[in-house]
Amino acid sequence: MIHDISSVCTYCGVGCDITAQVENNKILKIYAQSDGYVSQGKLCIKGKFGFDFVDSKERIKDTMIKKSFIEKNFEAMPRELKARSHTLVSYDDIWYKSNYEFATSLAAWKLSELKYQYGGKSFCATGGARTSCESGFLLQKFTRDTMESPNIDNCARVCHAPSLNGMAATIGEGAATNPYDDIYKTEFMLVIGSNTTEAHPIVANRMIEASRKKIAKLVVCDVRNIQLGKFASEEVILPYESNLLFLNSIAYVILKEELYNQNFIDTRTKEFEEYKNSILRDPYADPKCFENIKGYEKLATQIPQIAREYATKKSMIFWGLGITENLDGSYAVMAMVNLALLTGNIGKEGVGLMPLRGQNNVQGACDMGCLPYYAPDYVKPKEEGLKTPDMIDAMIDGKIKSMIVMGEDIAHIHPNQNKINKALDNLELLITQELFMTQIAQKSDIVFGVKSAYEKTGVYVNAMRRLHLSQPLVESDLPDDWEVLRDIENKIKGEFLYNSSQDVWQQVRVEAPYRFGGASYQKLKKHRSKGMQWPVDKEDTPILHTKSFRTKDGFGYFKYNSYKLRGQVEKLLNNKPLDKFYLTTGRVLIHYNNSAQTIQTPKLKDKHNQDVILASLEDKERIGKDKIILQTKYGKTSPLEVKFVKTIKPNTLFVSFHHSKSHINYIFGDESDTNTKTALFKSIEVDIL
């Protein structure tokens, strides 16, 4: 008998509602209901077809322990563990298959030994954005309470940490201000640093519809021509790393032409005069600066037009990693908040600030306190821990000895992979909870196979703060992520007394009352089709900042940061030769992140089985090859196919990063956003071999 079961998509931060047709514990089909609140009856190719990973033969069905780890630690093991080691079954030359009970006991013993020998801070953890809020909550609780370490982080470190930083510094809350459907209530949309049709296609559908029906004007800004630009009234091509220069120029025009909302500024904001004086005195803020940037002169006339539209209409700004993965990512976010404060485009319907989050639960992982500087509910922790790049340095220095990774492939998606491999090899214990033998799982000592999102109950928070209580589409005997942590903790301290995900969520409601106090499982089940946007009390909160901001005094704060001349802009301004190529990276529609799940569906894998470099047709003769290697001082890629297109500016390149065999992230170093150490993935000079 076929059953229809509703849940939430396991891919990007859009958080589409899905319905699965299931028969004999197998997913036959996934579709969206015509009245779906987020999906609007449509799913992207990943959401619709990318479910074969659930019953893939490649799934980790057992707990795996590395033979070398047993050999190295056998003599030091307690007698009881030595006696039980006979239950291990050889899998291949590298791995033993282990029963779950022995593996959790072994993990608990080794974690305790290392903590006793080196102290709690010798432990770190990362992850939580690919699993439920309940599991993310327990990961940070295990780190802080059980291991007594402040060193907890998640993959926001390589994506939207600058969004949180920039928004928190100015308006006190680092999350999207409005629902997606406000796209139909706005008059003007500015999309910058987001290839929305590829990375967040169901949000892009709304943008395209609003533009086509002339509900709202659409302006798209990127370093190359992207598909969304075809539906825009204006497409802006920016030089590499010039986001802050561009955004400050928009503000300059609004100030110079006195298009700002004085009443909003007077009643809702502070530090305006200082901001105004700083920007009007800054020579890099004047749009005329672009007149001297060869190849980008058009921006000098585009910017004033965009500024006037944004300031005089109900406007929304959307952004992605093209903003945040830069040296001044946090400052660019502050600049966008400045624009909203300047014009009053915040705190009401059809306006606002919309960071387009990448992972299905990266918002939830941050909400749960999987950050070194925030506990649950964004409360300051007792002690601030290390960010992921600092953890890597501490591993190399021998200060961090053990690590748990929950569903985050730091051996693929993070930069400077030669350095990361060196750091991971220096650990005495690496535990991973995963679905497949990803790059990080292969480097681990103990690997726990766990339930996927389609096999468990849990809360997920999408990019517009929407809580969705998922339910299992199929049954699985594997443990959930939170259960693994509970079972290890119970053999160390015995304080995790949770029998269900609902028990864990009840604790979340206690420790994060502002956002989740009113969000009981019962209420979330009742609102499963639409979800609820936090903060949830008796009702939910679709729009933030309607009466006051989340700062201590309720005011929004202008924060001005001047653009620092560098990179491609500096060379173009000073007529220096572009002897190397500028590379940027991004997703393609077919795959998701490290592609661990999507490559399990042949229909998806066959459409994109390798990462391809896009280069300008004008550079075809200069490059002179159909296959090239990219190299920097940090490392080099594998040989990659080149496709020459019209959508790329000369002297620039684009490449996706989905396939680990490509070694894309081996060429990036430690350069990062000033405030958050989010990697500079969107601009790097490369040599071609």
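Biologist: Which residues of α4 are buried?

Modeller: This is a predicted model, in which local features need pLDDT of at least 70, side-chain atom pairs count only at pLDDT 80 or more, and totals for chains, interfaces and linings use all residues. Residues are numbered from 1 along each chain as its sequence is written, and side-chain values use heavy atoms, with hydrogens and water left out. Helices are DSSP runs of H or I with at least four residues, strands are E runs of at least two, and both are numbered from the N terminus. Taking buried as under 20% relative accessible area with a 1.4 Å probe and protein chains only, the buried residues of α4 are F102, A103, T104, S105, L106, A107, A108, W109, K110, L111, L114 and K115.

Biologist: How far apart are the end C-alpha atoms of α4?

Modeller: The expected span is 1.5 Å times one less than the number of residues. The 19 residues of α4 should therefore span 27 Å, and this agrees with the distance between its end C-alpha atoms, 27 Å.

Biologist: Which residue caps the N-terminal end of α4?

Modeller: A side-chain oxygen lies 3.2 Å from the backbone nitrogen of E101, and a polar contact here is a pair of N or O atoms within 3.5 Å, one able to donate a hydrogen and the other to accept it, with residues adjacent in sequence counting only if both atoms are side-chain atoms. The capping residue is N99.

Biologist: Which backbone nitrogen does the side chain of D17 reach at 2.9 Å?

Modeller: D17 lies in strand β2, residues 17-23. Its side chain reaches the backbone nitrogen of Y37 at 3.4 Å, and at 2.9 Å that of V38.

Methods
Buried means under 20% relative accessible area, exposed over 50%, partly exposed in between (1.4 Å probe, protein chains only).
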